[in-house]
Amino acid sequence: MRPYILAETNWKSIKEHQTEVAVLTWGATEAHNFHLPYATDNFQIEAIAAEAAKKAWDTGARLLVLPNVPFGVNTGQAEVDLCMNLYPSTQLAILNDIVEVLNRQGIHKLLLLNGHGGNNFKALLREVGAKYPEMLLVTTSFFQTVDRTEFFEEPGDHADEMETSLMLHIRPDLVLPLEEAGKGEEKKSRLTAIREGWAWSERKWKMVSADTGIGNPKKASAEKGKKYFEAVTQQVANLLIEMDKISNKDRYKDL
Ligand SMILES: [Zn+2]
């Protein structure tokens, strides 16, 4: 039993350990090219949260990882088989309820750890945060914590070399042989501003990728995944350690 994982711990242990920071992971259930499981984002973010929490806990940080939310925003994949979808407004309702519970229980710090590119929590946390001003609400996506180009050769953002390597490290039993994977080729927008990255429009997955992947997974390896996992979990642990120590009322540095 890991005392920093709510799903595994018990009321006896909870009464013995004060919780300063709650961690909520949020993934998705969606097709990941031909070779990765639908719950790839959930396996990844749960493993990252557990390992980061362990690293932080071992330094004395008082934290608790809540059960993962397994469905994310997949409006762009509406036509792809069995891609599940929660609308952002549903996510807002869920977040609101969870933050209300934490606030009532006197846990005033939350790290919302995102595992899926379609989830976008900034606007939601602005709205929830306005109702609970005593809360420190922080969010990051695991894929933004370190510079991925230091670990991987091929660019991508879905079922790519990075995700395939991570899964080969975390759950190799669920990864099909790489010969089964498509190349993850992405059709780019005809709009110059979108190609240049200064305008945005949601990608319509069926029009963009033939195999649902974006990014070539062929150079993935468990070894690359392990190195990346170590770096990401250390970054997240560092954030949790600082969040444990900070005073919500004094969260900015003096000039
Ligand atoms: Zn994914």
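This is a predicted model: local features need pLDDT of at least 70, side-chain atom pairs count only at pLDDT 80 or more; totals for chains, interfaces and linings use all residues.
Helices and strands here are DSSP runs numbered from the N terminus, with at least four residues (H or I) for a helix and at least two (E) for a strand. S4 is mostly covered, with 5 of its 6 residues buried. Buried means under 20% relative accessible area, exposed over 50%, and partly exposed in between, using a 1.4 Å probe and protein chains only.

A word on bookkeeping: residues are numbered from 1 along each chain as its sequence is written. Local features need pLDDT of at least 70 and side-chain atom pairs pLDDT 80 or more, while totals for chains, interfaces and linings use all residues, and side-chain values use heavy atoms, with hydrogens and water left out.

Next comes the zinc ion. Its protein donors are His32 (NE2), Asp41 (OD), Glu163 (OE) and Glu163 (OE), at 1.9 to 2.7 Å. Donors are N, O and S atoms within 2.8 Å of the metal (3.2 Å for Na, K and Ca), and water is not among the atoms, so sites may look incomplete. Along the chain, the donors follow the spacing H-x8-D-x121-E. Asp41 belongs to helix H2 and Glu163 to helix H5, so this pair ties together parts that lie 122 residues apart in sequence. Asp41 is buried, at 2% relative accessible area, and Glu163 is buried too, at 5%. The 4 donor atoms make angles of 52 to 143°, and the site is irregular. To be called tetrahedral, four donors would need all angles between 85 and 135 degrees; square planar (four) and octahedral (six) need opposite donors over 155 degrees apart and all others between 65 and 115, and anything else is irregular.

H2 covers residues 40–57, and its 18 residues should span 26 Å at 1.5 Å a residue; the end C-alpha atoms are 25 Å apart, which agrees. That expected span is 1.5 Å times one less than the number of residues.

A nonpolar core is a set of buried Ala, Val, Leu, Ile, Met, Phe, Trp, Tyr and Cys residues joined through side-chain atoms within 4.5 Å. The largest has 32 residues, and Leu63, Phe142, Tyr228 and Leu240 have the most contacts inside it. H8 gives the most to this core, with 8 residues. Leaving aside neighbours within four places in sequence, Phe142 is in contact (heavy atoms within 4.5 Å) with residues including Ile45, Asn114, Leu166 and Tyr228.

Apart from this core lies another, of 20 residues, among them Leu66, Leu95, Leu102 and Leu125. Leu102 sits in helix H3 (residues 88–104) and is buried, with a relative accessible area of 5%. Beyond its neighbours within four places in sequence, Leu102 is in contact with Ala22, Ile107, Leu110 and Met135.
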